[in-house]
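Here's a quick briefing on a ligand site and the residues around it. Have a look at the structure first, then read on.

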Amino acid sequence: MTAATTIWRATVLTLFPDMFPGPLGMSLAGRALASGLWALEARDIRDSATDRHRSVDDTPAGGGPGMVLRADVLAAAIDAAEGTSDRTRDRPLLLMSPRGRPLSQARVKELAAGPGPLLVCGRFEGVDQRVIEARNLEEVSIGDYVLSGGEIAAMALIDACVRLLPGVMGKAESGAEESFSQGLLEYPQYTRPQTFQGMPIPDILLSGDHARVAAWRRAEAEALTQARRPDLWAARPDPTRTKNTTKG
Ligand code: ADE
């Protein structure tokens, strides 16, 4: 296989393809995109509409507000995207949705390690349930709040994956990622000036004692995680941890 056929690719099905690459065209992801470390394909769901009005949605069966994305149109859009993909059948098919399973760094890692997902961006009140079942779409949420569509959620997911792709991040940035992977929030960071509005940088960080710095950071990360994310703390992989009380 040549490099061109193995490149990690995100395919986005959306009613607003012009939103892409958007922020994914900038900074780390954007530079990696420009240098061919990954590929992005935004496809207009409306191109799969069959009637002369190019309609993609209709009123919900049983009544209620809003509009629902049609199963036939979305299925056709998915099939068309799959048909043109170079590595088709093993791609994860995701539907960005607030009722999905919460996205985790573990799932991001899996997605980054694969060929790259196809992401369906919902709009309106939702998507006809039958296409979710017929194409076995994995519903993914990026948090317990409701966006006006799946596009920003898809961008967040893609960004989280892209930074893990080989060659995208420098060594320094990879280290930070690893820390979160251990189930802890990041420790606090400081840089110049040495004193800001009367607040000095903690002495220990200027001590040059790498072991003490590492222990301090670890303790800070544990204290933050306990205070802010008891769910993460309880689910930590290391059961031999000791209770942390260094904060405050
Ligand atoms: N679409 C609307 N809200 C969403 C959310 N929280 N996560 C993923 N997709 C969404």
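Which residues form a nonpolar patch on the surface? They are Tyr145, Leu147 and Ile152, with about 290 Å² of accessible area together. Keep in mind that this is a predicted model. Two of those names, Tyr145 and Leu147, turn up again among the residues that come nearest to the ligand.

**Who sits around the ligand**
- There are 13 residues around the ligand, and Ser97, Ile142, Gly143, Tyr145 and Leu147 come nearest.
- Sorted by class, that shell has 8 nonpolar and 5 polar residues, with no charged ones.
- Strand E5 (93-102) and strand E8 (138-141) each put at least two residues into the shell.
- E5 gives the most, with 3 residues.

**Backbone contacts to ligand nitrogen**
- Tyr145 has a polar backbone atom 2.8 Å from a nitrogen atom of the ligand.
- For Ile142, a backbone N or O atom lies 3.0 Å from a ligand nitrogen atom.
- Ser97 also brings in a backbone N or O atom, at 3.1 Å from a nitrogen atom of the ligand.
- As for cover, the ligand taken alone exposes 260 Å², and the protein buries 96% of that.

**A closer look at Tyr145**
- You'll find Tyr145 in the loop between E8 and helix H6 (151-162).
- Tyr145 counts as partly exposed because its relative accessibility is 43%, which falls between the 20% cut-off for buried and the 50% cut-off for exposed.

Note on methods
Residues numbered from 1 in each chain as written. Predicted model: local features only at pLDDT ≥ 70, side-chain atom pairs only at ≥ 80, totals over all residues. Heavy atoms only, no water. Near = heavy atom within 4 Å. Polar contact = N/O pair within 3.5 Å; in protein donor to acceptor, adjacent residues only side chain to side chain. Areas by Shrake-Rupley, 256 points an atom, 1.4 Å probe, with all protein chains shown as cover. Helix = DSSP H or I, 4+ residues; strand = E, 2+ residues; numbered from the N terminus. Nonpolar A, V, L, I, M, F, W, Y, C, P; charged D, E, K, R; others polar. Patch = residues over 30% accessible without salt bridge, like charges linked within 9 Å, V, L, I, M, F, W, Y side chains within 5 Å. Salt bridge = Lys/Arg side-chain N within 4 Å of Asp/Glu carboxyl O. Buried < 20%, exposed > 50% of the residue type's maximum accessible area, 1.4 Å probe, protein only.
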